[in-house]
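Please walk through this model step by step. Start with a pair of helices, then move on to a sheet and a single residue.

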Amino acid sequence: MPEAAMRTPSGLPGTGQQRIAIHREHYDRLVEVAAAYAGQGDLERVLLTATMAGNLPWHAPVGLLGDPVLERLVVSTARAGAPAPEVDGQRDRRRVLHVLTEGYGVGGHTRLAARWIARDPRRSDVVLTNQAGPVPDTLRAAVEGTGGRVLDLAEVHHAFTGRAHALRRQMDDADLVVLHTHPSDPIALAAANLPGRRPPVLLENHADHTFWLGLGCADLVVDNRAGALRVTGDLRGVPVGRRARLPLPIPDVAPPTSRAQMREALGLEDQVAALTVGSAYKMSAIWGEGFDEVLARALERFPELVVYLVGPSPAGPWELLAGRFPGRVFALGVIPDPESLFPAMDVYLDSFPVSGGTSLLEAAMAGLPPLSLHRDVPYGDVYYAQIPGAAGPGHVGRTDEEYLGALGELVGDPELRRSRAAHAQQQVRGTNAGPGWDAALEDLYARARATAPADLDEYPVRIESPEYGARLLPLTAPMLPADGTLAPEMFSGPIADRFDRRMRYDLSVAAAHRPTLSVRVAAEWERHEAWTARLAELAVAHPRLRVSLPPVQGDDGTGAASIDRLRSVLASVGQDTETCGDLCLEAEAPDVAGLAIGEELTFTPDSLAVVEEFLASALWSDGDRALLAR
């Protein structure tokens, strides 16, 4: 089947900001396509395209952390001319609705949602907008423990529009809505902007370092650390009145195993055991040095130190480190219950260069003295945990020497380990667990009830930051092809098979900036007069279409036979060589600027349908530019 030849930039440019510019071109094409669908009032395709547009910066940073332009397309199409919804903050059904795109068996944001639900005395229900696998047992148990239920919208509604309306119905039965959605999910944004009164919406900012959709529905943006609050204001433009903070909820439970049992199982005797828990990427050489190099210096300096790592597999740099320090480095990969190791450990080492956050809190709550390395680098605080009781001297090293000095104190002094552990545990317990966290939640809910509805007019322009985008590049590089080439299919995962032929063609038209569409017809067109006549009619109706025809078989150098046969075909539809469209007799397919169907057209109805679909694209019109300018 003929496809458009999309000319996409490829190869890695020389600087980070050049790469950001290339990524931005691809992103802008998606926004342009969404604008065309918005102009047609096609909410389904707006949502599908917005999902792809939101997914692209997750893989390939574009210099934006939020986009009011894209969100206006979703919001205006969802409202369909109706006024902005009002917020009813006085509801008191004792019901909170939590919304996730997808819940995972292993993953911080799902665990956060489950713990939030378990601590809230109200009934909590969960809606999943795009669940691909089984619903995690921990999430379902937390919900059912409150008398609530889990609703998987993908099981009931194939269309994203149907999911948005179903989600809005669930919102309308709740007092408050908490979004734990993926950065690329526009369904909640649309649902919150459907006509009528709705409850307050809180966006739990678990992806605080990256682009996300939700400015147009977040009455409050809820961060869990100071660095994220700064980015929310500086790089997304969220007003102070819409920024809130809620500490991560951490359960205060006894370890499942005793220290003696676990140390015996691990073969530990007098060694000082350190533990790190985190995704492998958080310990990789993102910005020049990985955690393995930091640990190598520590292991050299402190021969009694052994290190266990949950997350990285025993390969690559960890295999090399284990070979360099036999019996002292254990990369365990992903395990379901890393907390079972806590009793056997003496020190918790936060992951580097990206902090673990939740795992750091869990270790402190379990009675381990935490230690982090926080180098002074641009936007470093965005990637470092700011944990009460674990952010001061003795818990954080700002330089390598300060870090190793603090670690040496902990390795050499068991009493100091106990005192620092007790201090961190007390602070975390007071802030992230028990009555302290419960009171913070009630204050957050009260504030949400009193906050005005989200309003995209508060975000008049995009906040551009190519510098921050370049900082993100090394973090996302493993998700991109080695040569930096981008293609729409890379970002279509969340919409699965809905990325159809029409969307591909519309993106092709957008990529070519709407000049002309060129097609080359296969030989022997003169034997398929009805098919060729239909193509000629398309060329008359669409001046952008350029048709290249090969000479008929046996024609001489003057082309007389080819012209004669073409006149015959044109006459059958009331045309002649003076009134027809852009039909050219050419011995070879020419090199053309703009969009071209890369294969010769064969004489089938489907090949004509492909041409018609291309020409039917709303992207040939300039009307979408007016939508983008709003």
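**A helix pair, a sheet and a loop residue**

In H1, His-23, His-26, Tyr-27, Leu-30, Val-33, Ala-34, Tyr-37 and Ala-38 meet Arg-45, Val-46, Thr-49, Met-52, Ala-53, Leu-56 and Pro-57 of H2 (contact means heavy atoms within 4.5 Å). By class, this contact has 11 nonpolar, 3 polar and 1 charged residues. The model is predicted: local features need pLDDT of at least 70, side-chain atom pairs count only at pLDDT 80 or more, and totals for chains, interfaces and linings use all residues. Residues are numbered from 1 along each chain as its sequence is written, and side-chain values use heavy atoms, with hydrogens and water left out.

Helix H1 spans residues 16–39 and helix H2 residues 43–59; they pack at about 165°, with axes 8 Å apart. That makes H1 roughly antiparallel to H2 (angles over 145 degrees count as such).

Now the sheet. Its 6 strands form an open sheet in the order S10-S9-S8-S11-S12-S13, with parallel pairing (two strands pair if DSSP finds at least two bridges between them). Strand S10 (329–331) and strand S13 (396–397) stand at the edges with a single partner strand each, so one side of each has no neighbour in the sheet. Strand S8 (residues 272–277) pairs with strand S11 (residues 347–349) over 2 bridges. There, Ala-274 stands opposite Val-347.

Last, a loop. Gln-575 lies between helix H20 (560–571) and strand S16 (582–585). Is Gln-575 buried or exposed? Gln-575 counts as buried, because its relative accessibility is 12% (buried means under 20% relative accessible area, with a 1.4 Å probe and protein chains only). Leaving aside neighbours within four places in sequence, Gln-575 contacts Ala-536, Glu-537, Val-540, Leu-570 and Cys-580.

How values were computed. Axes fitted to C-alpha atoms, helices over the stretch in contact; angles between N-to-C directions. Helix = DSSP H or I, 4+ residues; strand = E, 2+ residues; numbered from the N terminus. Parallel < 35°, antiparallel > 145°, perpendicular 65-115°, else oblique. Nonpolar A, V, L, I, M, F, W, Y, C, P; charged D, E, K, R; others polar. Buried < 20%, exposed > 50% of the residue type's maximum accessible area, 1.4 Å probe, protein only.
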